[in-house]
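Please consider the following sequence together with its structure. The paragraphs below lead through it step by step.

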Amino acid sequence: MTPAAPPAPRWVRAGDAAALAAVVAIHALGFLNWGLAGYGLARGAAWALCALLGAWGAWGWACGRLDGDDAAPLRWLARFFLAAAALASLQLAPLPLGLASANPLWREALAAFQDAGLAPPDSLPWALAPGRAALGWHQLAASALFVLGIAPMLTRRTVAARLLAVVVCASLLEGVLGLGSYALRGAERARGALFNPNHHAALAVMGIPLALAVCAQWHRRSTSNAPGPPVLALAALILAALVGWLAAFSRSSLVLGGGVLIAWALRERALWQRGRGAGAPQGSHAALAAAALLLLLTGAASLADRYASRFRELEGIERIDRVDMWFATLRGLRATNYGGMGIGGAEHALNRFATVPTATTAVFTHNDWVQWLGELGVPVCALLALLALRWFAAWIEARRDWSVRWSIREQMIRRAAAAGCAITLAHAATDFHLRIPLVGFQFLALLALTCSPALERVFPSPARGGAVD
């Protein structure tokens, strides 16, 4: 029996409820405003909510809500994003011309000022595009405050369960909206609430493993072997969201994200078969298999033909441009003596170093890993990599402890959240969906859930006690 956790004080429960309402409001604003990709009142309101979340999280951290070994992964996750925001802010600090000219690209600009007979400015930031860098930093700071806000709350079971529900609902809603745009409105590619089909695919699929895990765990705790109406309804929504994801015809999401999804599903099947007969949801497995078979028989031909035409486009200039963008960004990094171009500075590298002309002016590298390296620079990325390794070590250590306390099946939710993160990070190697605020916030919530010490208590075995806060 797991000992029951003491109930949280009333003021903590009220504050957590308000903070969760802020998380829901941020998601709602994203669905109403193209993922918060535009600039306006909705985005400003979301940023203000992130500031309130950060203040609540800082207060909780100061009050000891992140104390203890169990909360170590959450502490290090918050430290990582706070450090990223702090280090990125240094790129906006005004530097004397002598220091700024350590960046060879700024030296060229200053030489151009001199050749034109213009007086150089008194100081310059390290970032090549200060306006874009400020906008990018605002988003990075909002992300850090978002993580700081939800981290202390995730030590409570009820908060972990509700945030899990927000992530699942957001992904399923995006998938269903995408299916509606494709099937009912006749869109060429599903888009959902986002302006880009690739970003729609990233948002829809990242919560699918978590939704499948909830479906299985929900039925595991039922007294009947046959799936009840709620489980069947959730399974139907998952299938609709999957079709909405596929209808985006996102090649990278299908190959990279789909590969992770299939690998996770096969591993889960093997893990569940270890305890066959001890409450395995055979009924829900059969229902999902029958629905999937029906889906394949009715829609596989048209989907396969459409994907075949998309993959034939790989021979076109668009794919060459994408690879060229990666190398152009790395050339820009080298031109700054590996100090980085500043957030948003990749646009300068793409316009200057790309060898194949793009159809429109490129702003993003279409590879978040390469773009962050090119913009933040090698020294900053090296420091962040050390912090990321420290977080990962804390996560591994805590996970060993959780694996002793909880069964393989009870850890299914955590594995599903980790699979959703892996899907998103793999897709980020060919796109920039993590720079779309709604997708980024959804990913951060999923990442924080993988670190929550209360996640297994959301769906404990029926024989266990102590599943309350």
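This is a predicted model: local features need pLDDT of at least 70, side-chain atom pairs count only at pLDDT 80 or more; totals for chains, interfaces and linings use all residues.

At what angle do helix 6 and helix 18 pack, and how far apart are their axes? Helix 6 (residues 130-150) and helix 18 (residues 437-450) pack at an angle of about 30°, and their axes lie 10 Å apart; axes here are lines fitted to C-alpha atoms, for helices over the stretch in contact, and angles run from 0 to 180 degrees between N-to-C directions. Helix 6 is therefore roughly parallel to helix 18; angles under 35 degrees count as roughly parallel, over 145 as roughly antiparallel, 65 to 115 as roughly perpendicular and the rest as oblique.

Residues are numbered from 1 along each chain as its sequence is written, and side-chain values use heavy atoms, with hydrogens and water left out.

The overall composition comes next. The protein has 18 helices and two strands; helices (H or I, at least four residues) and strands (E, at least two) are DSSP runs, numbered from the N terminus. Of the 469 residues of the protein, 53% count as buried, where buried means under 20% relative accessible area, exposed over 50%, and partly exposed in between (1.4 Å probe, protein chains only). Among the contacts in the protein with a separation of 6 or more, 79% are accounted for by residues 24 or more positions apart; contact means heavy atoms within 4.5 Å.

The crossing of helix 6 and helix 18 is right-handed; a crossing is left-handed if the near helix is turned anticlockwise from the far one by less than a right angle, and right-handed if clockwise. On the side of helix 6, the residues that meet helix 18 are Gln139, Ala142, Ser143, Phe146, Val147 and Ile150, while helix 18 contributes Pro437, Phe441, Leu444, Ala445 and Ala448. By class, this contact of helix 6 with helix 18 has nine nonpolar, two polar and no charged residues; Ala, Val, Leu, Ile, Met, Phe, Trp, Tyr, Cys and Pro count as nonpolar, Asp, Glu, Lys and Arg as charged, and the others, Gly among them, as polar.

Which residues have the most contacts inside the largest nonpolar core? They are Phe146, Leu210 and Phe441, in a core of 115 residues. A nonpolar core is a set of buried Ala, Val, Leu, Ile, Met, Phe, Trp, Tyr and Cys residues joined through side-chain atoms within 4.5 Å. Not counting residues up to four places away in sequence, Phe441 touches Ile26, Leu36, Trp47, Cys50, Ala142, Ser143 and Phe146. There is also a second, separate core of 14 residues, which includes Leu95, Trp126, Leu128 and Leu350.

With helix 17 (residues 412-427), helix 8 (residues 197-206) packs at an angle of about 165°, with the axes 9 Å apart. Helix 8 is therefore roughly antiparallel to helix 17, and helix 8 passes helix 17 in a right-handed crossing. Helix 8 makes this contact through Asn198, Ala202, Val205 and Met206, and helix 17 through Gly420, Ile423, Thr424 and His427. The contact of helix 8 with helix 17 has four nonpolar, four polar and no charged residues.

With helix 7 (residues 157-183), helix 8 packs at about 135°, the axes being 7 Å apart. Helix 7 and helix 8 are therefore oblique to each other, and their crossing is left-handed. Ser171, Glu174, Gly175 and Gly178 in helix 7 meet His200, Leu203, Ala204 and Met206 in helix 8. The contact of helix 7 with helix 8 comprises three nonpolar residues, four polar and one charged.

Several individual residues complete the account. Gly98, found in helix 4 (residues 97-100), is exposed, with a relative accessible area of 57%.

Two loop residues remain. Trp34, in the loop between helix 1 (10-32) and helix 2 (41-62), has a positive phi of about 55° although it is not a glycine. Tyr338 is found in the loop between helix 13 (317-335) and helix 14 (346-353); its phi is near 65°, a positive value in a residue other than glycine. Tyr338 is partly exposed, with a relative accessible area of 40%.
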